[in-house]
Structures are given as C-alpha cells and as structure tokens.
Amino acid sequence: MSTDFSQADHRYMARALQLAQKGLYTTDPNPRVGCVIVRDEEIVGEGFHLRAGEPHAEIHALNAAGARAQGATAYVTLEPCSHTGRTGPCAVALREARVSRVVVAMIDPNPEVSGRGIRILEQAGIDVAVGLLESEARTLNPGFIQRMALKRPFVRLKMAMSLDGRTAMGSGESQWITGPEARTQVQRLRARSSAILSGVESLIMDDSRLTLRAEQLQLNNADDVIRRQPLRVILDTHLRLPLAAACLREPGRTLVLTTPDHVEEKRHRLTQAGAEVLVLPAGSDGRIDLVAMLQWLAENEQVNELLVETGATLAGAMLDAGLIDELQLFVAPTLLGGEARPLFALPGLSRMADQRRLTIHDMRAVGRDWRIIASPQPMSASGAFSESKVP
C-alpha cells in the first residue's frame, strides 16, 4: 500500500470530493462518495452516490469508463465496499474492471468491514494508496463516521438568537428573529440530516412542522431532495403533544419518545393521530435518558446526522451532558431585552470558572444575519477547559 501522491493525484481526488458533495442531501443513511477514473491523464469516467439502494459512485464511474477502465487509476473518497447489500461490492467491480491503481481518501470507518475492500484490491495485484485529502473526505460524512465509530449520531444544534442572546419574547413569540436567507440555510441543515429532534415544549409553543420545503431550500434539485423528509423526533416525557400538532399532518414520520410513566390512552390517541410512540428508559431526573436516545436512533433508525431544533431546557441539557458536536448559531442584528427567553438553560453556573467555552470554526454573514459554527470545548476531569481539536 503506497502513500506517495502527485499533484495530479490531488487534482483528481479533489474532483471526486466535489462529486461526492452532490449527494449531500440525498444519500442518507449511506455515506456521500465520489469516484473519478483516469487513464493516460484523461478522466474517462466519474460518478457519485445519489441515493441508498442505487448504484454506488464506483459503479457509475465504471459504467461511464467502459473498457477504458482497464489499466486506469480510480480515485475514491471512501474505501470501496466489500460486502453485498442492495448493491454488489464495489471493490470486486473495480477488480473485474482491471484497474491498475486505486487511490482512497479514507478507510471505511465501519469496524466490521474496514480494510476488507482494500485487501480485495491488493490481493488482485492492484496498487492501493490511502490517505489523500482524508480530512476533506471526513468532513463530508461526520455522521456516518461517528455512527460507525461511536454508535451514536453526529449532533448538530441549530439556534436563532438576537444580538443579546435571546431566542423568543417572554410570551414565547419567536417568528421571525432571523431573515429569509438564514431560514434557507436552516432548511439545508434539515435536508442533510437524518432526523430533526425537538422537545415537546417547543412544539407546543411554535407548532413547527419540522419539514423540508422546496420553496425555501432554493436548490435546483429541491423537488428531488424533499422526497426524503427527515425523521421527526419529539421528546415528550408526559405525552403532552397536541393531537392537532402540525408535524403530525406532514409527509414523513413523526416519532414521539416518552418514558414508561404515562397513560396508555394518551399513547393510543397519539398513534391514531399519526405519530409513532416509543418508550425509552428515564434518566435520574425522570426525563428521557439522552444517551440511550442517541444510541437507539443510531442503531434502530440509522441516524447519521441529528439536527436539534429546540428550546433552552433541552439545548442546555444536551450541552451539559456533552452530547453536542456542533453548534450553528444564527445571530440577528436585533435586541429582545432582558425579559426574553435565553439561548441555554444551564443551571449551576455561578462562577467564571464554570463558564462553557466554545471553539469558533466559522463566522460569516447570511443575508442581514450572521452564522457562527462552533463546537463546545471539552472539560477536563478537574473542571478546567482543555484544548479542543478542530473537526
């Protein structure tokens, strides 16, 4: 296995990554993958994975290349698969096409299959090089990687706030703090997510639909993207979700998570209204165990990226539990005042030493608003902040 890469290698892998990006909103629960096949310094085939159950990127590229794939180099953003699911193993397809070299950006993070695709290629005498533009490839699939490695989704928290850190008026009125450009970005966050999580209090207050809407996505393939509505997940310990909630009338599934402490009749009525109701263990505070919830979603619903759109209480609880991987904060140039609702409920912060620091990775204007992408800095055992690594 070689690791020496030329400028041409970088150029072709960059093109494969560009192709993989085309599946950003449609491949779930599969990873986003691109492939480029090059022979005699000419691209003879390229492809990307579009949707689960359909051909993988390598198959599209091989079909485009035809006989010209023989003796060519294939650039793939993720190790070619070695198992047969709804499609055949791509490593075998590359072997049978008699390519001479395969350049892989990153190894498959699934421990059950990791390295097998590469072994199939090497055993056939194909030169394999691994690690080219790996960090860029990992950025494409944070949820798939985390689900494979840690058995839980990548959790992204989205919140809109005023310049003074408020999310709604004291009455709960919140529409709209941010402008249409920010709302388009939120729609795209929903589109790339496997599921959207909210607390019942937010649903009662806002009656959000938690859906994708083509007119707000502003994508050329918006109608194709909205074919896959993300799973709507609502935490509702005491089953207070109104039977007339807007999310129950929308396309796609609404999963209501609750604890054993509820009336069976409520569960039946919600089911009749269109929800799926699931009982999960309660934590020490009597509410749904958040860690168990994430593990269940990863294992049973194949949730790669979970978008959290909720109020201060659930947002604070998840941040406090260390379950937020990324924050996307949309900041509007407005002030709501001291009586308005805060961004996070974080009880117990009484000293400067208790503050929760963030690492900011990106900050840019979105219309008249600003978007901040950040991640929580980890706490050491002593309670002091330790340096975090940029993902």
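**The cavity and the domain interface**

The lining of the largest cavity divides into two nonpolar, five polar and four charged residues. Here Ala, Val, Leu, Ile, Met, Phe, Trp, Tyr, Cys and Pro count as nonpolar, Asp, Glu, Lys and Arg as charged, and the others, Gly among them, as polar. The model is predicted: local features need pLDDT of at least 70, side-chain atom pairs count only at pLDDT 80 or more, and totals for chains, interfaces and linings use all residues. Residues are numbered from 1 along each chain as its sequence is written, and side-chain values use heavy atoms, with hydrogens and water left out.

The lining residues are T27, D28, N30, P31, R32, N141, G143, F144, R192, N304 and E305. The volume of the largest cavity is about 50 Å³. A cavity is a set of points on a 1 Å grid over the protein atoms alone where a 1.4 Å probe fits but cannot get out; lining residues have an atom within 4 Å of a point. Grid points are joined across faces, edges and corners, and the volume is the space filled by probe spheres set on the points.

Where does the largest cavity lie? It lies between domain 1 (7-140) and domain 2 (151-376), because both give residues to its lining. These bounds come from an automatic or database domain assignment.

Now the interface. The area buried between domain 1 and domain 2 is about 1000 Å². Carbon and sulfur atoms give 43% of that. Buried area is the accessible area (1.4 Å probe) that two parts lose on being put together, summed over both. In domain 1, Y25, D28 and P29 lose the most area to domain 2. Together they make up 58% of what that side buries.

Three salt bridges are counted between the domains. The term means a side-chain nitrogen of Lys or Arg within 4 Å of a carboxyl oxygen of Asp or Glu. D224 and R51 form a salt bridge through their side chains, at 2.7 Å from N to O.

Note on methods:
On a 1 Å grid over the protein atoms alone, a cavity is a set of points where a 1.4 Å probe fits but cannot get out, and a pocket is an open set with protein on both sides within 12 Å along at least five of seven lines; lining residues have an atom within 4 Å of a point.
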